[in-house]
Amino acid sequence: MAAQNSQTHFQDFLPVMANKLGGDGLIDELCNGFNLLKDSDKGVITFDSLKRNSALLGLEGLSDEDLRSMLVEGDFDGDGALNQLEFCVLMFRLSPELMEDSRMWLEQVLQQEMKDFF
């Protein structure tokens with residue numbers, strides 16, 4: 001539930017970035033964001049590295065609970081940290097508009113594949 005609270009503080013710039021940068025550019029920017037937030041020794045985003053570096057991405061207003069919720073929501077392998085893939089997936093999940101666009105693109109590709117198949 002607390003992850004939803006973090007969404008209320010998070011201004012969704014991903015759709016604007018996607019439109020401006022294109023898919024490859026957006027992925028590059030997400031990778032840059034990951035690199036800013038990660039613990040340089042461990043190579044993943046930990047609670048401490050997220051708390052320490054969150055202001056670099058304009059997230060300084062998030063509480064410790066919000067930051068922990070982000071980690072928990074994105075941590076698919078249960079190691080208590082976010083690797084680069086988990087971070088990118090989380091950023092997409094926190095962007096409802098971008099998720100909707102992604103569904104639309106996927107449906108278009110699947111429809112085209114089905115036409116080509118038959």
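In the predicted model, helix H4 meets helix H5 through Met70, Glu73 and Gly74 on the H4 side and Glu86, Leu90, Met91 and Arg93 on the H5 side. By residue class, this contact comprises three nonpolar, one polar and three charged residues. The two helices span residues 64-74 (H4) and 84-93 (H5), and their axes come within 9 Å, crossing at roughly 110 degrees. Angles of 65 to 115 degrees count as roughly perpendicular, and H4 and H5 are therefore assigned to that class.

Met70, Leu90 and Met91, which take part in the contact between H4 and H5, also belong to the largest nonpolar core. This core has 18 residues, and those with the most contacts inside it are Ile45, Leu50, Met70, Leu71, Phe87, Leu90 and Met91. Two or more residues are contributed by each of H2, H3, H4 and H5. The greatest contribution comes from H5, which supplies five residues. For Leu50, contacts beyond four places in sequence are made with Leu37, Ile45, Leu67 and Leu71.

Gly43 lies in the loop that links helix H2 (14-37) to helix H3 (47-53). Its relative accessibility is 33%. Because buried means under 20% and exposed means over 50%, Gly43 is classed as partly exposed. When residues up to four places away in sequence are not counted, Gly43 touches Phe34 and Lys38. The C-alpha atoms of Gly43 and Gln84 are 8.8 Å apart in space, with a separation of 41 residues in sequence. Gln84 falls within H5, which covers residues 84-93.

Definitions and conventions
Residues are numbered from 1 along each chain as its sequence is written. This is a predicted model: local features need pLDDT of at least 70, side-chain atom pairs count only at pLDDT 80 or more; totals for chains, interfaces and linings use all residues. Side-chain values use heavy atoms; hydrogens and water are left out. Helices (H or I, at least four residues) and strands (E, at least two) are DSSP runs, numbered from the N terminus. Buried means under 20% relative accessible area, exposed over 50%, partly exposed in between (1.4 Å probe, protein chains only). Contact means heavy atoms within 4.5 Å. Axes are lines fitted to C-alpha atoms, for helices over the stretch in contact, and angles run from 0 to 180 degrees between N-to-C directions. Angles under 35 degrees count as roughly parallel, over 145 as roughly antiparallel, 65 to 115 as roughly perpendicular and the rest as oblique. Ala, Val, Leu, Ile, Met, Phe, Trp, Tyr, Cys and Pro count as nonpolar, Asp, Glu, Lys and Arg as charged, and the others, Gly among them, as polar. A nonpolar core is a set of buried Ala, Val, Leu, Ile, Met, Phe, Trp, Tyr and Cys residues joined through side-chain atoms within 4.5 Å.
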